[in-house]
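Subject: Structure handover

Hello,

Here is the structure we spoke about. My notes are under it.

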Amino acid sequence: MQPKLWSPLSDEYKPPTLLYRNVQLEKMLNYATHPLPSNMFGQGDKGLGKTLTARIFSDEVEARGIGKCYYVKWQRKLTSTLKDLNDNYTLKIRGYTLSTAEICHAIINQTDKNDLCCLIIDEPQNAYSWKDVDRAIFDFYEHFLGQRKFCLIMLSQVRFLTLSQYFAPDTMSRLRLKPILFPSYDAPEIVEIVKQRLQYMLEPNQYDEQALPILAKHVRRIGGDIREALDILEIAVKEANNKLIMEDMISAIEQGKDRWWKTELASLPPHWAFLLYLSALETFERNETMTTQPRVMHQYNRTAKEKGFDPLGRRMVYYAFNKLAEKGYFSQELKGKGRQRITELTLDESDRNHIIRAGKEIEWEFALSQVQT
Ligand SMILES: Nc1ncnc2c1ncn2[C@@H]1O[C@H](COP(=O)(O)OP(=O)(O)OP(=O)(O)O)[C@@H](O)[C@H]1O
Ligand SMILES: [Mg+2]
């Protein structure tokens, strides 16, 4: 099916009304417009609206004439990050003199005395080294001091409570970052967000609203990532004929799951991913959704011998099982008593099939031989 517009599915699209993030937006505006603005740290998992909310915040700051926002997504290198700021806001600093000091200087020249200058740093965890981020934000803070009202907003998937690992005590005590939390959306919220996009893409009679809750349920299960919801929606719209119906959505979700598991397996430490894959294979071969830790462990050690890679030690394997269970990939249950005690692993049947499909595409020998155990 060809919709009126594809753009509402893109990451750059700005919906006319921000849904379910008004608390965060208001908080940001309150902190920023206070006579002594606070610095902020927006924390939330991927696809939960941090960047979108910050973009709408910027528009609002400028629309209200409070000042100007400078948004930058952190690159691996500080120089690339500064270059992006320089280019995107035409700061006109010559390449070879590019530094945080020069950026501040140019921003000060570009703004008025009473303006609020707000620097939004997205994804600082992309930096090659946190030391770079630490030094840069400290410098920004120092250079604006006494020149402009300044507020720094960082947005990241990193936990607020772990920040002291990354920033020097001096930076932490100067910046006094205030947390802004972006919790996961629940299923009804996901339905409304998706519906908002569909309104701009299709006529009301071109989609069956009944197909949205199953999409929301799936997205909720994987953490509420709206980007994933929109990607699946795109597949569903492409597959639909005259009207987007339940079957289109089910098939799109299945394809979305395949892709999701592929990236998920690839992002896990290779031995953990392999243990998960073996657990799925074990249950599949028995035509069940349940296996046990010793069985998987046995397979793991046998394959290690066969393929000639170093297996993880026993304790590390147990640790991996616990971590995988924590992520919800399977559930663990201790059964039996005394020496008969055994931990059972239970996988969701659909997950099991997707894990196997995704796992078959990985070159395990290569992946496992690359890591030191
Ligand atoms: N509350 C919302 N209303 C409408 N669209 C939303 C909402 N939250 C997220 N989205 C959409 O979901 C996608 C991802 O959102 P966004 O880029 O803001 O996530 P993020 O929290 O910055 O994720 P990441 O940590 O991966 O950068 C975007 O297309 C965005 O428009
Ligand atoms: Mg983002």
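What follows covers the chain as a whole, its domains and the surroundings of the ligand.

This is a predicted model, in which local features need pLDDT of at least 70 and side-chain atom pairs count only at pLDDT 80 or more, while totals for chains, interfaces and linings use all residues. Residues are numbered from 1 along each chain as its sequence is written, and chains are lettered from A and ligands numbered from 1 in the order in which they are written.

The chain has eight strands and 15 helices (DSSP runs numbered from the N terminus: E, at least two residues, for strands; H or I, at least four, for helices). Its C-alpha trace spans about 75 × 55 × 40 Å along the principal axes. Of the 373 residues, 34% are buried (20 or more other C-beta atoms within 10 Å of a residue's own, C-beta atoms being placed from the backbone).

The domain assignment (automatic or from a database) gives domain 1 (22-181), domain 2 (185-265) and domain 3 (268-369). Between domain 2 and domain 3, the C-alpha centres are 30 Å apart. Six residues of domain 2 contact nine of domain 3 (C-beta atoms, placed from the backbone, within 7 Å).

Around ligand 1 there are 20 residues, and Lys46, Gly49, Lys50, Thr51 and Ile226 come nearest (a residue is near if its C-beta atom, placed from the backbone, lies within 6 Å). Domain 1 and domain 2 each contribute at least three residues to this shell. Helix H2 (50-63) and helix H9 (226-239) each supply at least two.

Regards

Terms used
Two residues are in contact if their C-beta atoms, placed from the backbone, lie within 7 Å. A residue is buried if 20 or more other C-beta atoms lie within 10 Å of its own, exposed if 12 or fewer, and partly exposed in between; C-beta atoms are placed from the backbone.
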